[in-house]
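User: I have just opened this one and would like a careful walk through it. Could you take me along step by step?

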Amino acid sequence: SKYLARMNRYTDLKSNEFKETKTGRNILVLFYYSFIKPFAVFLALYFRHKGFMDGMRGFIWSFFSALHYPVAYFKYLNGEPK
């Protein structure tokens, strides 16, 4: 629960960063932050940072960490947070 609370706070901050930098709101940027960036982050955490050595916990941590970008981008698209 602590991890999810922090994830919510950090995705709010990233969403505000998207807003300040005026990140695009088109299909290519949506695809990038929904699929490409999370996949790259997952691979980096799971393999390069050896998350696989922690078993299922490493997999879950890598997966949730990769979800940071799509969640933040969807918050940005919806206008959250204010």
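User: Fine, what covers the buried residues of α3?

Analyst: The cover over the buried residues of α3 includes α1 (2-20), α2 (27-48) and α4 (68-78), where helices are DSSP runs (H or I, at least four residues) numbered from the N terminus. This is a predicted model, in which local features need pLDDT of at least 70 and side-chain atom pairs count only at pLDDT 80 or more, while totals for chains, interfaces and linings use all residues. Residues are numbered from 1 along each chain as its sequence is written, and side-chain values use heavy atoms, with hydrogens and water left out.

User: And which residues of α3 are buried?

Analyst: In α3, which spans residues 56-66, the buried ones are G58, S62, S65 and A66; buried means under 20% relative accessible area, exposed over 50%, and partly exposed in between, with a 1.4 Å probe and protein chains only. They lie on the same side of α3 because they cover an arc of only 100 degrees around the axis, the arc being that of the directions from the helix axis to the C-beta atoms.

User: What about the face turned away from that buried side?

Analyst: That face of α3 carries M56 and R57, which are exposed.

User: Switching topic, which helix gives the largest share of the lining of the largest pocket?

Analyst: That is α1, with four residues, although α1, α2, α3 and α4 each supply at least two.

User: Last one, how far apart are L77 and G24 in space?

Analyst: Their C-alpha atoms are 9.7 Å apart, although L77 and G24 are 53 residues apart in sequence. L77 lies in helix α4 and counts as partly exposed, at 31% relative accessibility. Leaving aside neighbours within four places in sequence, L77 is in contact with R25 and L30.

Technical notes:
Contact means heavy atoms within 4.5 Å.
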